[in-house]
Amino acid sequence: MPLDFTAIDFETAAPARSSVCAVGMTRVRDGVVVESYARLVRPPQGLGCFTNTWVHGIGPEHVAAAPTWLDLLPEVLRFAGSDVLVAHNAAFDRSVLVQASAEYGYDASTTPFVCTLQVAKTLLDLDSYRLPTVAGALGLPPFDHHDAGADARSAALVAVALAARVGAAGVTALGAHAPVRASTRTARRRTSARA
């Protein structure tokens, strides 16, 4: 089975997981990066101020003319196709995908994910498992952390390096080292939304 997948990373404007303000994606075919995608996103109205600007540097002025998640969702779905999605801390990125999509009536809860953070914790002995630390430990190049496009590319390279380390023939085999669980925060929010 070839090592084919799409890595994804989100940045959010605020603590609300639906407040996506940037998305980055990297497509991998046969273990090689073949294409990347990155967009700024205008979060939905009513999600409050940009309290996470200190993390990623994105403020309301950067996304004032950007498309909404509803505008970008068809592009994102086309880019990902039927791939398994890979993310570093997939519980976070999965919850952003699910909650941002739910704002517009789209159910993304069954999208399969593999978490490079959890796989790295299983396979590597490090003091920290932050993406830059894991990438550095695997001999990968430095990158602009908290830039969604750069983080997606780095997560993709980490997945390829970890797969090579354990001889995983496919991304599903790599994911078997550390299954992704839905975050309890996502489950609570979705449950309360149905009540």
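Modeller: Leaving aside neighbours within four places in sequence, Thr-68 is in contact with Val-41, Arg-42 and Tyr-104. Bear in mind throughout that the model is predicted.

Colleague: Why is Thr-68 called buried?

Modeller: Buried means under 20% relative accessible area. Thr-68 has 13%, so the residue counts as buried. Thr-68 lies in the loop between helix H2 (60-63) and helix H3 (69-80).

Colleague: Which residues does Trp-69 touch?

Modeller: Not counting residues up to four places away in sequence, Trp-69 touches Phe-10, Val-20, Val-23, Val-41, Arg-42, Val-76, Leu-97, Ala-100, Ser-101 and Tyr-104. Val-41, Arg-42 and Tyr-104 are also the contacts of Thr-68 given above.

Colleague: Which residues have the most contacts inside the largest nonpolar core?

Modeller: They are Phe-5 and Trp-69, in a core of 50 residues. There is also a second, separate core of 8 residues, with Ala-22, Ile-58, Ala-66 and Ala-148 among them.

Colleague: Why is Asp-30 called exposed?

Modeller: The label needs over 50% relative accessible area. Asp-30 has 60%, and therefore is exposed. Asp-30 is placed in the loop between strand S2 (20-29) and strand S3 (32-40). Its phi is near 50°, a positive value in a residue other than glycine.

Colleague: Which label does His-146 get: buried, partly exposed or exposed?

Modeller: His-146 is at 28%, so partly exposed is the label. His-146 also has a positive phi, about 75°, although it is not a glycine. The residue sits in the loop between H6 and helix H7 (148-166).

Colleague: And what makes Gly-136 partly exposed?

Modeller: Exposed would require over 50%. Gly-136 reaches 46%, and so counts as partly exposed. Gly-136 lies in helix H6 (residues 131-137).

Colleague: Which residues are the closest to the centre of the largest pocket?

Modeller: The pocket has a volume of about 430 Å³. Of its 21 lining residues, the closest to the centre are Phe-10, Glu-11, Asn-89, Phe-92 and His-146.

Colleague: Which element gives the most to the lining of the largest pocket?

Modeller: S1 does, with 4 residues. Strand S1 (5-12), helix H1 (53-56) and helix H4 (90-102) each supply at least two. By type, the lining residues divide into 8 nonpolar, 7 polar and 6 charged.

Colleague: How many helices and strands does the chain have?

Modeller: There are 9 helices and 5 strands. Along the sequence they follow the pattern β-β-β-α-α-α-β-α-β-α-α-α-α-α.

Colleague: What share of the contacts joins residues at least 24 apart?

Modeller: Among contacts between residues at least 6 apart in sequence, the share is 67%.

Terms used. Residues numbered from 1 in each chain as written. Predicted model: local features only at pLDDT ≥ 70, side-chain atom pairs only at ≥ 80, totals over all residues. Heavy atoms only, no water. Core = buried A, V, L, I, M, F, W, Y, C linked by side-chain atoms within 4.5 Å. Buried < 20%, exposed > 50% of the residue type's maximum accessible area, 1.4 Å probe, protein only. Contact = heavy atoms within 4.5 Å. 1 Å grid on protein atoms, 1.4 Å probe; cavity = no way out; pocket = protein on both sides within 12 Å on 5 of 7 lines; lining within 4 Å. Points joined across faces, edges and corners; volume = space filled by probe spheres on them. Nonpolar A, V, L, I, M, F, W, Y, C, P; charged D, E, K, R; others polar.
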